[in-house]
Amino acid sequence: MPVFLKEEDISIVLCGEAGQGIQTVEVILAQAVKQTGYHIFSTKEYMSRVRGGENSTQIRISSDRVASYVDRIDILLALSYGAIDHLKDRISPNTVIIGDPEHIKSARESENISSGLNANFIEIPLMQTAEDIGGIIYANVIVAGALSCLLDIPKEIFDGLISDMFARKGPEILQNDLKAGEAGYTLGKGLMESEENQVRLSLEAHSTVRDELLLSGTDAAGMGCLAGGCRFMSSYPMTPSTPLQAFLAGNAHDFELVYEQAEDEIAAINMALGASYAGARSMVATSGSGFALMEEGVGLAGMTETPVVIYLGQRPGPAVGLPTRTSQEDLNLALYSGTGEFPRIIFAPGKLEDAFTLSQQAFNLADKYQIPVFILSDQYFADCYYNIPSLPLEEVGNEDYLIKTTPDYRRYLITHDGVTPRGIPGYGEGMVIVDSDEHDEEGHITENLEIRTHMVDKRLKKMDHIRKDALAPELVGSDDYANLVLGWGSTYWPIREALENINKKGLNPDSRKTSFLHLKQVYPLHSSVTDYLEKAEDVIILENNAQGQMANIIQLETGLEIQEKFLKYNGMPFSVEEVEKRLLQFMGIEDSGPDGHDKPSGEVL
């Protein structure tokens, strides 16, 4: 008789085929959970196909704040024949598996499923109920209703969300979806009252959560772009950057932004550079091989000293690789893209607040130094949702670096800091001449080798000031540390939660001994990074790539080599559990095993 009662943190995973509406359930539940007053985190993994395959969405619901992916599954809602097999490595004896009788039967008969899991199966007439309402397309809303009932979500909140989501599809479909939700609540109530298969959940709701923001990494970055004064975006759709394009296109009219879906990535970045030349704060968004096509445009931005913000959603490569999975493999691509030598800045947000602030600041810095500024995101960060009290709006401050030109204006006048006051065509009496070839101070093409040297020096001189403007890393933990855990970008919350868990469990007798340093500006590095590293006795870095790209950059920038690396590159994010296990080994609290440590899939040292 499975009886499930957990009071603080529940991990629910829904798994089914592409096209079954898994993401619809995520949207309904995420809003319903927050409006009820629970903290929530959700993320997804999905295959690169429109129909079929097996996709899953994890929804963590907690009495306390949560913002990380965990391997643990407390409740699995299986919506397809292959769901249980797809997630068998994450299913434990404590997992409660709820599904249609046919799906459960298929899993029980599968040789791949451990017989020890049979005691946790609970059958509900999911597909038959959906057919009675109007078709299996309603199965997802039935599941959402059943889970909402188990979570004690008020029915009026659930019905309100259903109405908001489906009213535009017509009264008949809306009524069927409301019936599906009602049927789900009935199934949920049956599970709560069942003597044979009872399921009960208990969480503490907080009224203050209802007024908080529920955002994805994409939403936070998009709001930062709007706050930064973005006025032009041109891009070609490519996962996982497409959601940002959709966000900005959807808000274009309200923020006087022009969005252009270009015919390809080459056209996209050149359109953005053209708009920037005319004075508009401009950006592109792309991923992986799409950015590879933009590299010539990055060089053009470097030569013409044209500001542009580049949002790069990382995913596993080379080429198309795993197009819907996550990675941190494009750091080198961003750092070394474009021909020749010229300055750039690279940000990598790890939490929603940083995604907002860094995206806003990217436009200021691009304009200030007339360079490309990168925002490195990834599939995991772009697609995850969680609630936060607010965004740091008080940090928003846009700076205007455009000048009105005079008749003697020279676009590439050599100055003491390498930054020429920037004029745009039609604003003032001067001529604004640019050329993709080497040029003189006026902007005219030249092959004078002395001028060439002066122009290279002018462009690179900006780096001195860019380094002074670099953002400091965030230290989590005591200043008096001996062990330092290093991470960048989306690894922020898994590392932080793992360390907090170790301390909560009392596994680390001296919690002040180990601290976490997160890099949100990954190039150029803030000068304090060297100090932090030199102070530590032992350092470990975690990265979602196979070569330790950040560790290599740190060595280039500081001369300090990081010996210990925890690298994962199978297309999935770090889970809290695996980070916790590896950090216990790093801290000398847990045995590393006969080969140095237990190696999860995709890890190298």
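This is a predicted model: local features need pLDDT of at least 70, side-chain atom pairs count only at pLDDT 80 or more; totals for chains, interfaces and linings use all residues.
How many nonpolar, polar and charged residues does the lining of the largest cavity have? Residues are numbered from 1 along each chain as its sequence is written, and side-chain values use heavy atoms, with hydrogens and water left out.

Start with the open sheet of 7 strands, whose order is 9-8-10-11-13-12-18 and whose pairing is mixed. Strand 9 (258–261) and strand 18 (521–523) each have a single partner strand at the edges, so one side of each has no neighbour in the sheet. From one strand to the next, the twist averages 20°. Here strands (E, at least two residues) and helices (H or I, at least four) are DSSP runs numbered from the N terminus, and two strands pair if DSSP finds at least two bridges between them. Strand 12 (residues 345–347) pairs with strand 13 (residues 372–378) in the parallel sense over 3 bridges, and Phe347 has Ile375 in strand 13 as its bridge partner. Helix 11 (residues 288–304) packs on this sheet, touching strand 10, strand 11 and strand 13, and its direction makes about 145° with that of strand 10. Helix 10 (residues 265–277) lies across strand 8 (232–235), strand 9, strand 10 (282–287) and strand 11, at about 165° to strand 10. Such angles run from 0 to 180 degrees between N-to-C directions, with axes fitted to C-alpha atoms, for helices over the stretch in contact.

Now turn to the other open sheet, in which 5 strands follow the order 15-17-16-19-20 with mixed pairing. Its edges are strand 15 (474–476) and strand 20 (564–567), each with a single partner strand, so one side of each is left without a neighbour in the sheet. Strand 16 (residues 483–488) and strand 19 (residues 538–543) pair in the parallel sense over 4 bridges, with Val485 opposite Ile540 in strand 19. Helix 16 (residues 492–504) lies across strand 15, strand 16, strand 17 (514–519) and strand 19, and runs at about 170° to strand 17.

Next, find Gln328 in the loop between strand 11 (308–314) and helix 12 (331–336). Gln328 counts as buried (under 20% relative accessible area, with a 1.4 Å probe and protein chains only) because its relative accessibility is 0%. Beyond neighbours within four places in sequence, its contacts include Gln314, Asp378, Trp488 and Glu543, where contact means heavy atoms within 4.5 Å.

That brings us to the cavities. On a 1 Å grid over the protein atoms alone, a cavity is a set of points where a 1.4 Å probe fits but cannot get out, and lining residues have an atom within 4 Å of a point. Among the residues lining the largest cavity are Val13, Lys44, Arg90 and Tyr380. Strand 2 (39–45) and strand 3 (52–62) are the elements that give two or more residues to this lining. And the opening question? The lining of the largest cavity has 5 nonpolar, 4 polar and 3 charged residues.

Technical notes. Buried means under 20% relative accessible area, exposed over 50%, partly exposed in between (1.4 Å probe, protein chains only). On a 1 Å grid over the protein atoms alone, a cavity is a set of points where a 1.4 Å probe fits but cannot get out, and a pocket is an open set with protein on both sides within 12 Å along at least five of seven lines; lining residues have an atom within 4 Å of a point. Ala, Val, Leu, Ile, Met, Phe, Trp, Tyr, Cys and Pro count as nonpolar, Asp, Glu, Lys and Arg as charged, and the others, Gly among them, as polar.
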